[in-house]
Amino acid sequence: MPFERVLGQDQPVEILKKSIEKKTVSHAYLFYGPEGVGKKLAAIELAKALNCLGRGNACGGCESCRKIDQRIHPDFFLVEPEKKTPTSREAVIRIERIRELQKKLIYMPYEGRTKVALIDGAEWMNAQASNTLLKTLEEPPRATILILTVVNPFQLLPTLVSRCQGIRFGRLSSEIILKVLEKELEDNEDIAVLKLRAERAEGSISRALALQEERVEAGEQRENLLDLIAGVSFDRMDAVFKWSKTWARRTGTLQPLLDELLGLLRDLAVLKVRGPSHLHNPDLLRQMRPVAQIKSLPALLDMFDAVRETKRLLAGNANAQLALETLLIKFSDTQGRPQ
Amino acid sequence: MEFQVSARKWRPQKFSQLIGQEHIIRTLQNAVELNRISHAYLFSGTRGVGKTTTARILAKALNCENGPTPEPCDTCVACREIREGSSIDVREIDGASNNGVAEVRDLIDNVQYATSSCRYKVYIIDEVHMLSKSAFNALLKTLEEPPERVVFIFATTESDKIPETILSRCQCFEFKPLTHKQIIQQLQLISEQEGIAVYTLSLEEIAKNGAGSMRDAQSLLDQVVAFSGKEVTPGSVEAVLGIVGQKTLEIFIDAIRAQDCSALFAQVQDTVNAGKDLSYICRDLADYVRNLLVVKMADAPEKLVDAQAWDLEVLKRQAENFHADELHQIFSLLTRTEVEMKRSSLPQQVFEMALFRLVDVRPFQNIDDLIKRIGEMEDAGSPPAAVPAQAKPAAEAEKGPAVPVAKVQAEQGAADVALWEKVKAEICARKPVFLHYLESCQVVEFSDSVLHLAFQDPYTRDLVEREENRSLIAQAVRSVSGGEVRVGTSEIKAPESQASGQTDEIEKKKSAAPSALMTKSESEIIQQALDVFGGVLMR
């Protein structure tokens, strides 16, 4: 069965299946949706289905499917963002890669039936690369399919988007993430721990898997963060400076940490207006309740905005300590807001 | 035959099939008819409005076997070749891929040769805005005076990136975005021909999301058909795009009006669970608020709000509940949120918090009203002015008795200070290092026979205490005032100074009082600093 590996994306899978059945596969697709929900996987499955030699589409067992899985199929082209030098900050897709791709696409399929070019992370194409792709994307050579995957279609050139058939991928339910987690992590952890991770993954598998590293560390800080939200004030500036100094050194953990902070603030606000439902941190409910009591909603909203602003500044390479101090001073300032 | 998407399949092949852009078509057709064909054209406009298509049709019109004709036949060999992109004389160049000066030189080299089978040699350079600066400049001379029977057609979405020297050599045509009506008509035509049953409401929805671009709309149509098959129901457009209908937006607005955060939050969860895209909802919500505002402000909203897509009655009812300023506020917050959401990795959080904020900013005071009310209050008897008038006499009465005392002190002080400044200058002239010592000291007493200085710290005091320094000061005083003084020193902190023997009790109290006051306020400051910053005081 095609696409059985793509979990929880009924609508996109349905569309693609129908298109294959009716032979109305478009020459250019834009798969868009949150990170880590199966866009790339679906694209690969589509490539398999179009080239499968076995009986079922994308059987997974035939030579073609295996080759695509191993990325050695001559008619399957994968373009991914890559760093110019190992020390570059950002990986991008450069014009050379697209030109290379265009040259390869001119020829007829070598082995399979359809050439499939998958541009994963299309938002990382730079301006030249995107523009170069335009003509190819509008009228590609025969027996060619181009698939672009992107988190946010608004980041692409509108001229690119308009040439593709868009397919929207939604976020995954936490049940499905739990299923994947159970499969992926063999050293079976406590089911409760996995469940919590699935819930905190925001519908993204890559987020759930990445929860292991820095996120875990940031996650462990949640109670401290909660204390910070509750306790920070102009009377305790020493704590402010100490905290900023400690965390400013750990630039790698800072963004996940601030994400946790956002999640906590959001939960507090939700607790305040609605009570315990759909929380990101259901395990901390007991600790959060008293904090939600003492903080006013406007104060929480102001804090939330302040954290977002800090995140933006840090992404722009601002001085971490100054940014954090400013953040906490803003936190203290919200104390004065009326209930 | 290989499947083709609608945008390619239904690409117009004749001028008569082209939708919108009548002003351009007419100009071009007349040019062909009157044999006044320019050698360079520039087509600009947003995506999917017919630039490349027009360029191809123009090439056909020039090269059609039935002579240059205002309407190509699309059946002759030349037309067919151009349509299939295999014509030798009509070359379509991807400006973005061939953007260097080398490619342009290549082109210029080939321009001079005569045509092989067609009447005109046509170069269509698409995405021409991506040419490099030197590539553009290399083109200039050829573009100004190309060989006979050569026509350049440039197409671009970004005409502002084209150098002015190029622009001035071309006939420029600005393609307009298509109206909803034009898009809907074309979509209807396509769906009829393809045997797709589709509601007008769905087409309306598609056209709206196409935002003036035919290709966007056609891509969307393909998308929807791929989802729902040949029967397109009103719900399928919403399902494919992850947008919501007016009903949901109404609920959001009602909840904001009722300041019901809980309901808002529940609504967000519902929409997310239904697989909707929150950033679209945010956009649509802003659009909805815009409609509310229009309904509220405009005399004839029917003309400004698409009455087919929106239920005007509901809009009117909801608009009545809001003040125009509130709608403005909500709108600007929503548009800001939309941008934020696109940047954020967790758009849902941002949207939720923005909604809470919408409820939170609701109770606001209209500034105009406030100003008006202040104005009214002022007119009614100016109470704000009356308050200081009453307070004044009281303050004066308090001040009254205090004036003589202060005056006396001030007069004495003034003489002292002036004299002391002179002495200080004299001392410093003799020994510059004193400038620093004396800066921080206080003159406790300065009479004809005694000069008493108080210092902040024992160290400076010890320095000044030295015999040579004391005599230096005494000398300085002598040279300024002519009098002989004894120099005494003390520390500010210790009221019972060592030099107290030289001053009587009253003097001592006088001198102690201000210094004690000073000390207290200083320690207060330090204490405050400790409170704020924490830490230990080190001396």
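Visitor: How many residues of chain A are in contact with residues of chain B?

Guide: Please note that this is a predicted model. In it, 43 residues of chain A are in contact with 42 residues of chain B. Several elements of chain A give two or more residues to this side, among them helix H1 (10-21), strand E5 (165-168) and helix H13 (251-273).

Visitor: How do the residues on the side of chain A that touches chain B divide into nonpolar, polar and charged?

Guide: There are 15 nonpolar, 16 polar and twelve charged residues on that side.

Visitor: What is the order of the strands in the open sheet of chain B?

Guide: Strands of a sheet pair through backbone hydrogen bonds, in either the parallel or the antiparallel sense. Here three strands follow the order E8-E9-E10, and the pairing is mixed. Strand E8 (442-446) and strand E10 (486-491) of chain B are the edge strands, each pairing on one side only. From one strand to the next, the twist averages 20°.

Visitor: In which sense do E8(B) and E9(B) pair?

Guide: They pair in the antiparallel sense, over four bridges. Phe446(B), for instance, has Leu451(B) in E9(B) as its bridge partner. Helix H22 (residues 458-465) of chain B packs on the sheet, touching E9 and E10 of chain B. The direction of H22 makes about 165° with that of E10(B).

Visitor: How many residues of H3(B) are buried?

Guide: An α-helix has 3.6 residues a turn, so residues three or four places apart point the same way. In H3(B), 13 of the 13 residues are buried. Helix H3 (residues 51-63) of chain B reaches 19 Å from its first C-alpha to its last, close to the expected 18 Å.

Terms used
Residues numbered from 1 in each chain as written. Chains lettered and ligands numbered in written order. Predicted model: local features only at pLDDT ≥ 70, side-chain atom pairs only at ≥ 80, totals over all residues. Expected span 1.5 Å × (residues − 1). Buried ≥ 20, exposed ≤ 12 C-beta atoms within 10 Å, placed from the backbone. Pairing = 2+ DSSP bridges. Axes fitted to C-alpha atoms, helices over the stretch in contact; angles between N-to-C directions. Contact = placed C-beta atoms within 7 Å. Nonpolar A, V, L, I, M, F, W, Y, C, P; charged D, E, K, R; others polar.
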